[in-house]
Amino acid sequence: MSVHNFETHSVPPSTGLSRRQMLALAAATVCQAPMRLAWAKAKQPWGKCVVVMLRGGMDGLAAVPALGDPAWSALREEATPDTPALQLDEHFSLHPSLAHLHEAHHRGELLTVHAVASAYRERSHFDAQNLIETGGLAPYALDTGWLGRALALGSGQALAVVSGLPLALRGSSRASTLTPSRTAQADDTFFERLQSMYASDPVLAARLQQGLQARNSMGMAMPADAVNLRSFETLCAQAAAALNAAADVAWLELDGWDTHGNQAARLARQFQLLDSGLARLRQDMAPRWRETTILVMTEFGRTAHYNGTNGTDHGTAGVAWVLGGSVRGGRVLTDWPGLAPADLLQGRDLRPTLDLRALWQPLLTRHLGLGQAELAQVLPGTLPPASDMWV
Amino acid sequence: MNMQTFTAAHRLGLAEPDLRAVDADPLGWVLAQLDTPDLLDSGGMLGSAQAMRQTRQVLQAARTQDADAAQARRQLRQASLSALTRRWTHQAQTRTPVYERYVMVWANHFTVAATKGTTQALVLPFELEAIRPHALGRFQDLLRAVVTHPAMLLYLDNAQSIGPHSRAGLRRSKGLNENLARELLELHTLGVGAGYTQADVSALAALLTGWTVARDGDGNTQFVAAMHEPGDKWVLGQRYAEGPQALDAVLAALVRHPATAQHVATRLVRDWVDPTAPAHLVQPVARAFQDTGGDLRATAHALITQALSGQALAPRARRPEELLLAWHRVSGVPVRDSGASVAALTAMGQPWGRTPSPAGWPFGNDDWLGPDALLKRAQWAHETGRRFGATVDARALAQAAWGQALHPGTARELNRAESPAQALALLLASPEFTWC
């Protein structure tokens, strides 16, 4: 097994260095849901939790430009597009395509997290994605996912709006997948015979059973206004429909973030896709918005500088977002490391100062009822302090 | 009928309509296919030169909001689908399906995807021009053909990578793109954790500058000295002087590196034979690769011999494309509406030519048999049953193609089916069709 360089993060924000600006404090104490009584009892899920996985390494500096950083314009001179960025505070703004997110920020529902990363310090998509899905200490150390393991401890159900079960949800039999399809449904008689035929094949029997259960309990009707069956917004609508039925956790994916070349136009479109998807989620979850939390994360950020082809290469720290009706938003959570050459990791990447797992813990605690002992089971290693995310 | 027959026909090949042909000598049946492979006649199929000319027109038309944009797109799509129909037809009818599987494995190892504007019609031309000529040849020749094919140079951005100190770089202050260098090391040869560093990636990227694609005409590969980073590059402890000859030298070094044999063998085993890549399969393959300096026929030989040596193999799910091909091979129904087939593959989780990453289609059974994917397969089976139930006898098919390996449950349900259409649908969704 290869050795990967990684650092575990403990986060106490440092003071005294003039460059560092603490714009919000990570809580020093862990945020805990009320203790459950009988440990033998299955954990009851609370509210609705959505994880949006952005595959490819989203450029955090394009998503949330640090316009207030003195080194900004030297680094990203073309990043002042014709449309102005949407201001979050005097240091940070949002990419102009993220209009709905901007409104959410003003409503106090959006928490923007910057200079956050997993413990992974190399730059391979596959390894990095593996780590943030498995929640292990090194890529490929575990072959189940953190969400899967968390679900296995309780009675929550998850739906992934993708074809194959994502790694993050492996480890639990309570996760199903769902993709919108143009084809008409086969009838129940056919499925009954299929189940009978699968009696001697435990894997197929179990998966078919799960699929049918998901189909029946979570609602298969396509949203009436589905224009592009595979658009991200439609997938978000599908996720919301499932959450409004029987699902407690939904997993969504949006690819296309690996912007090695000519990234400006591509990212503008990507951010628009993301923004309208998240807006759709909020709209469809409106009755339950106060109990809904959405985490948007990516496997790593990108280089601080552009490369030779007007794109960026794989980097380290980037941006995550948490939004929801009870999220203590309207702010940027970061221990900003700065963008001057000396501040960059290996002279090229935004330096991470917050561990992504600090965002996972409050989700697992609040929405899946995990206590400290269970968290230790689900997320190995020394955990950073959980971020203070709630109103 | 023994397990070897079944493995030979279904796991090493693409499914056989009649196992008796294989049963006499499964190992011989397989190995003979490497000796005299049935080659695809690509005459008339869309090649990369034509594909790139038409792609350029499509992209241009889209940029200028041309009225002909839709027309150009349609024509290109038609040409691509027609080529795909030819390829699938060949694979459905070929008497050397094992060779075809090997081709598919190499095409997956060196994935290019249609997910960029410039590569939208290049996936199959790439397979025809870079993979097929070398699939049973030397790994080094395959590697070179792949790395210098326009599809790969475009897909992994090398076509636009410029040495910062090259004449073009100094003029335009543009620079390196490391994508191809990284994937060349991580996916194609050494594999992650083999000990290469970021410095190696950057140096290799510098070495690869200059290899680009002509912007007009046939879009051929060219080495443009003005884009090439001057000076020596040090990759994995070896020095390479500037210039185009460095490519062959570095590829030779990568092929020789012991980690390459291991990495390539592991991927081969996982993709083709056993997703768990047990050592008893991987080691002989790695040894054969290393000892022969990357002779791909010898490598396949070693894998096949081990696979048919009688040791149990872990289950392997058929990917949607393999499912489709198995259906056509076993039934003899000709491949026709490729557009509909592509849509079906997409619904089942394998959008043709659009692999999610340069790592290619995933190897794990769980990646293909999620609960929803199973429902999608069942739906495809249901529709296919409706279309062909009247002309295809599912029970006879099952008997000929699986014989005694047919599960009692499958046989029972086929017999109890309420219509030929339902019987066929059940067969296509059966464990026999799902696993290989």
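## Contacts and make-up of chain A

Look at the contacts in chain A between residues at least 6 apart in sequence: 73% of them join residues at least 24 apart. A contact here means heavy atoms within 4.5 Å. This is a predicted model, where local features need pLDDT of at least 70, side-chain atom pairs count only at pLDDT 80 or more, and totals for chains, interfaces and linings use all residues. Residues are numbered from 1 along each chain as its sequence is written, chains are lettered from A and ligands numbered from 1 in the order in which they are written, and side-chain values use heavy atoms, with hydrogens and water left out.

Chain A has 11 helices and 13 strands. Those are DSSP runs numbered from the N terminus (helices: H or I, at least four residues; strands: E, at least two). Out of its 391 residues, 61% are buried. Buried means under 20% relative accessible area, exposed over 50%, and partly exposed in between (1.4 Å probe, protein chains only).

## Two nonpolar cores

A nonpolar core is a set of buried Ala, Val, Leu, Ile, Met, Phe, Trp, Tyr and Cys residues joined through side-chain atoms within 4.5 Å. The largest one holds 153 residues, and A:Leu194, B:Trp106, B:Phe110, B:Trp272 and B:Ile304 touch the most other members. Take B:Ile304: leaving out residues up to four places away in sequence, its contacts are B:Leu12, B:Leu27, B:Val30, B:Leu31, B:Leu34, B:Val98 and B:Trp272.

## Aromatic rings

Rings of Phe, Tyr and Trp (its six-membered ring) pair up if their centres lie within 6.5 Å; planes under 30 degrees apart count as stacked, over 60 as edge-to-face and the rest as tilted. Over all chains, that gives 15 aromatic pairs. One of them joins A:Trp146 and A:Trp360, stacked at 4.1 Å centre to centre with 10° between the planes. The two partners are 214 residues apart, with A:Trp146 in helix α5 of chain A and A:Trp360 in helix α10 of chain A. Both A:Trp146 and A:Trp360 are buried.

Over in chain B, ring pairs tie B:Tyr102, B:Trp106, B:Phe110, B:Phe139, B:Trp272 and B:Phe289 into a cluster.

## Two helices crossing in chain B

Helix α11 (residues 179-188) of chain B packs against helix α14 (residues 258-273) of chain B at about 70°, with the axes 9 Å apart. So α11(B) is roughly perpendicular to α14(B), a label for angles of 65 to 115 degrees. The axes are lines fitted to C-alpha atoms over the stretch in contact, and angles run from 0 to 180 degrees between N-to-C directions.

Where do they meet? B:Glu186, B:Leu187 and B:His188 in α11(B) contact B:His263, B:Val264 and B:Arg267 in α14(B).

A:Ala104 sits in helix α3 (residues 99-106) of chain A, and it counts as buried because its relative accessibility is 3%. A:Ala104 and A:Gly324 are 220 residues apart in sequence, yet 8.8 Å apart in space, C-alpha to C-alpha.

Most residues other than glycine have a negative phi. A:Ala115 has a positive phi near 60°; this residue is in strand β5 (residues 110-117) of chain A and is buried, at 0% relative accessible area. B:Leu236 also has a positive phi, near 50°. B:Leu236 lies in the loop between β3 (233-235) and β4 (238-240) of chain B and is partly exposed, at 27%.

Terms used. Angles under 35 degrees count as roughly parallel, over 145 as roughly antiparallel, 65 to 115 as roughly perpendicular and the rest as oblique.
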